[in-house]
Amino acid sequence: MSASKEKRTQNTEDRSFYVKVIVAVIVFAIIFAVCFLYSNDNIRKNMTAVTIDGEKFTATELDYYYNTAINQYGSYLSYLGVDPNKDLDSQKYSDKQTWGDFFRAEAVASLTQTATMYHDAMENGYTIDDELQEQIDKYSASIDEYCKTNSITRDQFLQSSYGSHMTNDLFMKHLTMTFVASDYASDYNKHHEYSSDELTAYYNEHKNEIDLASYEVLTVMPDYTGIDGTTENSTDEPTYTEEQDQQALEAAKNTASAFLDRVNNGESLSAIAKEYNENAYSSRKDASYSSFTEYSYNDWVFDDSRKIGEAGMMVDEANGRWYVVVLNNRYRPEYSTVDVRHILLKPVDSGLKEGDEGYKEALEVNRAFAENKAKELLKKYRSGEQTAEAFAKLAKENSADTVSAVDGGLISKIYKGAMVDSFEDWCFDANRKVGDTGIVESEYGYHVMYFQGENAPYWQVRCMNNLYTEWEQSIYEGAKTKNHMLGIKAIG
């Protein structure tokens, strides 16, 4: 090799070496910078965690929704095997997710719903009225009262509840967004009007979702009679091969077929169940399609070709059983829903638990006090103007049902099956008239009642509810959301 060629080769190798060194230094510098930045808590928490429709939200802002989600689970977390006092990223939610990952995903979903609904409200001219502002201020004031009682500052409360970098400005921003989004959606649901043509068209396209059905079901389990299984490890429960399971399921099919023949010959399914197994029988009244989608007979019941009184049988391969089903009725619910106002008086909590000495006596005293208060309020109402507005004022001032109290105790479009029996019986009394009042006792306490009147037919209400859900989802699903992984990891 010539000297010049050898020199050129050497120069090329030198340049390659220097390039590698420079690249390595740059990579090292980037890694160092990222590690430094991510180890700095202030920087981490101010990283963008998610962008929604072009608006950036930091990890600290997502902490508001992250901790809210955890608080909503409350003591239920322990039933799921989660220790909220330990690092959630060290506890498995699934094979691919920790509980920390789960709540971060919940936080992003919650912020997405809140932000998109809030922006839709603002774009449509929504303004915060005095009533909503009062609710926001009242919530904020309750925090100050808690801080005063517990001798801590507001910042200490916010940082212990919503993350170490939460500020009052960020907290109030997202608290306001949450209240506005909820109020805007609620207002749309209550006041948006659908034409009769819209509701009829929706019903015709979604009969399965709107109709109700009454039917009977007898579950026929696999029959292993005469099939010898194996007993392992001295257990009493035999195990069977896949072929034996199929044999047992085929035997159940034969039994179900015989039951079906008997029903078609005039016997009642309930009578057959008494002979076979009463616990395997159930009768469902006014059931919706969405209530039992996991059962293989659901589609059969709501098939348009079904006739009233028709019986059929179908298999559930996944769970290994057969069903015999009798359709007693399928219909569009025409009855009118009702609007009522109520004032809930809850008995004072004595602090005792069932079984504690004096529990029953304290409960009786507290329920009697709540009942007397209900009687006093009803007497006060009847001695006054006796108008819906007068009742609403009393409800706002006295009702323990804080949700309806905001609307003067109003609960709209009540349908059968929505409320506890005593409350519902009063609402749907055949002799009920507009302006009727009374007192109803329930497991929650005592309700001072005011009958406001009938509302839309229940089938229309079901259509409205579905249309509202579609509207709500159209707002959420239309969002352009981008997660920023370093920021996402800084949540929590």
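Predicted model: local features only at pLDDT ≥ 70, side-chain atom pairs only at ≥ 80, totals over all residues.

Visitor: How does the radius of gyration of the chain stand against the globule rule, and is the chain spread out or compact?

Guide: The chain contains 19 helices and 11 strands. For 492 residues the globule rule gives 23 Å, and the radius of gyration, 32 Å, is well over that value. The C-alpha atoms fill a box of roughly 110 × 75 × 60 Å along the principal axes. Because the radius exceeds the rule, the chain is, relative to a compact globule, more spread out.

Visitor: Among contacts between residues at least 6 apart in sequence, what percentage join residues at least 24 apart?

Guide: Contact here means heavy atoms within 4.5 Å. Of the contacts that span at least 6 residues in sequence, the part joining residues at least 24 apart is 68%.

Visitor: Which strands are at the edges of the open sheet of 4 strands?

Guide: The strand order is β4-β3-β6-β5, and the pairing is antiparallel. An edge strand pairs on one side only, which applies to two strands here. From one strand to the next, the twist averages 30°. The edges are β4 (281–288) and β5 (311–316).

Visitor: Which residue in β4 is the bridge partner of Y215?

Guide: Strand β3 covers residues 212–220 and pairs with β4 in the antiparallel sense over 6 bridges. Within β4, the bridge partner of Y215 is R284.

Visitor: Over the ring of which residue does the charged end of R284 sit?

Guide: A charge counts as sitting over a ring when, among other conditions, CZ of Arg is within 6 Å of the ring centre. For R284 the distance to the ring centre is 5.4 Å. The ring belongs to Y295.

Visitor: Y295 and Y297 form an aromatic pair; which residue of the two counts as buried?

Guide: The whole structure holds 36 aromatic pairs. The pair of Y295 and Y297 is stacked, with 5.3 Å centre to centre and 20° between the planes. Y295 has 27% relative accessibility and therefore counts as partly exposed. At 1% relative accessibility, the buried residue is Y297.

Visitor: How many residues apart in sequence are the parts that the pair of Y415 and Y458 ties together?

Guide: This pair is stacked as well, at 4.7 Å centre to centre and 15° between the planes. Y415 is partly exposed at 31% relative accessibility, whereas Y458 is buried at 6%. Y415 lies in the loop between β8 (410–414) and α17 (421–427), and Y458 in helix α18 (residues 458–477), so the parts tied together are 43 residues apart.

Visitor: Which residue lies over the face of W426?

Guide: The distance from the ring centre of W426 is 3.9 Å. The residue lying over the face is R432.

Visitor: Where is S151 found, and is S151 buried or exposed?

Guide: Phi of S151 is near 55°, a positive value in a residue other than glycine. S151 is found in the loop between α6 (130–149) and α7 (154–162). Its relative accessibility is 67%, and the cut-off for this class is over 50%. S151 therefore counts as exposed.

Visitor: In which strand is K413 found?

Guide: K413, a residue other than glycine, has a positive phi near 55°. The strand that holds K413 is β8.

Definitions and conventions
Residues numbered from 1 in each chain as written. Heavy atoms only, no water. Pairing = 2+ DSSP bridges. Axes fitted to C-alpha atoms, helices over the stretch in contact; angles between N-to-C directions. Phe/Tyr/Trp six-rings, centres within 6.5 Å; stacked < 30°, edge-to-face > 60°. Buried < 20%, exposed > 50% of the residue type's maximum accessible area, 1.4 Å probe, protein only. Lys NZ or Arg CZ within 6 Å of the ring centre and 35° of its normal. Rg over C-alpha atoms; globule rule 2.2 N^0.38 Å.
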